[in-house]
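Good morning, and thank you for joining this group meeting.

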Protein chains: 2
Amino acid sequence: MKPNIHDVAKIAGVSSTTVSRVLNNRGYISEKTKERVYKAMEEINYFPNDLARSLFRKRTNLIGLIIPNSSNPFFGELAFHIESICTQKGYKLLLCNSLNRKDKEEKYLEMLIRNQVDGVIAVTFNRGILDYHKQNLPIVAIDHYLSNHIPVVGSDNYAGGKKATELLLGKGCKHIVHINGPLELETPANLRRKAYEDIMKEHGRQPVTYEVPFHQNYQECISRLFDEQPNADGIFASDDLIAAAVLTEAKKRGKDIPSRLKVIGYDGTETVQSLLPSLTTIQQPIQSISQKAIDILLKAVDGDFNDLPLETYLPVKVLEGETT
Amino acid sequence: MKPNIHDVAKIAGVSSTTVSRVLNNRGYISEKTKERVYKAMEEINYFPNDLARSLFRKRTNLIGLIIPNSSNPFFGELAFHIESICTQKGYKLLLCNSLNRKDKEEKYLEMLIRNQVDGVIAVTFNRGILDYHKQNLPIVAIDHYLSNHIPVVGSDNYAGGKKATELLLGKGCKHIVHINGPLELETPANLRRKAYEDIMKEHGRQPVTYEVPFHQNYQECISRLFDEQPNADGIFASDDLIAAAVLTEAKKRGKDIPSRLKVIGYDGTETVQSLLPSLTTIQQPIQSISQKAIDILLKAVDGDFNDLPLETYLPVKVLEGETT
DNA sequence: CTGAAAGCGCTTACAG
DNA sequence: CTGAAAGCGCTTACAG
């Protein structure tokens, strides 16, 4: 059996109250007692049970993270930064992969509530989440609107879409096509599309947006795009995986990049920079997003609901490779 | 305040014992009572506190996962599968990114112990972990030996190294160079190198292994390789990120692939398949590895230490692209 | 400077 | 079929 605080107390010859005080560095304890307690803890290899502590304190220092899929470079990197910052601040992270399925998100949320997490960071398309807000659970959303009460942190999607489009126009592209995820979803990612469309119109160009099915094999959709848009000389993909699929299709068709077709992606993760450094892309500041999301969440956890910024958009950066 | 079991009991007009019974579907309870209890729970939006439950049961259904970095496609994918399977089996996952630093691994391990996790899955190079085994904490290692008592699950690294080398030889390569991580680490990944060296010798070829620094910018090391090995016509990289860096360097130097240089990697994650589908690589069965690791861990958690397989190596697959 | 007691929110023998 | 009591391993007023 694992030793508990009473075992330590017995060996040190004090009460468990005193052991607890030593553990928490609270109140006055004589140096001698302290030493004896420490020695006893060492002797029997004692580690306090955080479950019991959390139960009493009504504070677990547990944060739940709900993302679609940590296999995806963007979310994997996000999870890394969020976990690292949490640890640094004394919080622990419960990882949840929702696959963007509403039923899974709901189950995860219930699990997190049962486990008494202090707060949740979520990347989700489903507004349903907000129903749980009556639980008084602090939530911060990343990159996707949830409700009017839940703070959102993300990259400046409009600026990103603008930069991407202007870059292609500046390189002389006349027929730029945009590829995006499902358009009916109310996400700031759609601001990338909005920016693209606005800029195109400003330049007297006709915007054309293709919609790829959600997190699936894009290849078919992209192949169709190549068939239907033989004049396309620029493609702005709303994420780097889509952009990579475009490059693959272009190669297959012998369409030289960047001379006959220029391609720009979005996200700019470390993984993409390693595996496909030639890709021009709009880089999201994943670490800053993580930092900001945690700052806001912890403020809410500490009961400071006053000036929670409801929308925070951090600046993006153009990473120019050889595909433009 | 969050409602507790007594609040439910009061509303339903029963004792908390009865509510607990309904919650756990245990013992005989009249249908009427059950209904009343369920209605009361719904009414006040009650969710049981798993902390209290775990404290009593001495079972948290919590698993700790220690990986170097979820940003890395291989570990991100591993985390995804492990989390998914855990959830499916009613377990929750605490994510820890160790950056392969021993001090971090130790801190994480202590944190996991304090949080009463039922078991730990770890990808680590540090044997120190085994010191904690006296805590009686079930641990399964992935891909790296920890000690004689800790089961390891991984891909068949020797077979992988063999297949990679034979593929290059079969394609007519005469001067094959291998690139691996730090060689002093006792890891099964070194079996990839061992296989490479064995096969080379079998074919009367001189093995040449380059060692890249740990999870750093490989580019410099690879550039040196190109300088020092101008005759190299085949490179077997011990992971896909290294292989990608080789491709980048070759491109920079105008060395055509695969005509003048053939390259094969290792891992074959979904991300690499999406971003760099042209890369020939040895694919690890990440899902099977995850499944197996969890099977073994849960067996140990359930106290069945009898026939825990100490070493499990799952078959790898050649994914042939255009770099060979 | 130190200890006895109550309580965090559950579950489980035990008794009826 | 249901309830009172004890206990999981802690922490914190309160008292001395």
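**Helix packing**

The helices α9 and α10 of chain B cross in a right-handed sense, meaning that the near helix is turned clockwise from the far one by less than a right angle. This is a predicted model, in which local features need pLDDT of at least 70, side-chain atom pairs count only at pLDDT 80 or more, and totals for chains, interfaces and linings use all residues. Residues are numbered from 1 along each chain as its sequence is written, chains are lettered from A and ligands numbered from 1 in the order in which they are written, and side-chain values use heavy atoms, with hydrogens and water left out.

The axes of α9(B), residues 219-228, and α10(B), residues 240-252, come within 10 Å and cross at roughly 55 degrees.

In chain A, α7 (residues 157-170) packs with α8 (residues 189-202) at about 40 degrees, the axes being 7 Å apart. This crossing is also right-handed.

Which residues of α2(B) are buried? In this helix, residues 16-24, they are B:Thr18, B:Val19 and B:Val22, where buried means under 20% relative accessible area with a 1.4 Å probe, protein chains only. Seen down the axis, they fall within an arc of 100 degrees, so they line one face of the helix. They pack against α1 and α3 of chain B.

Definitions and conventions. Axes are lines fitted to C-alpha atoms, for helices over the stretch in contact, and angles run from 0 to 180 degrees between N-to-C directions. Helices (H or I, at least four residues) and strands (E, at least two) are DSSP runs, numbered from the N terminus. Buried means under 20% relative accessible area, exposed over 50%, partly exposed in between (1.4 Å probe, protein chains only). The arc is that of the directions from the helix axis to the C-beta atoms. Contact means heavy atoms within 4.5 Å.
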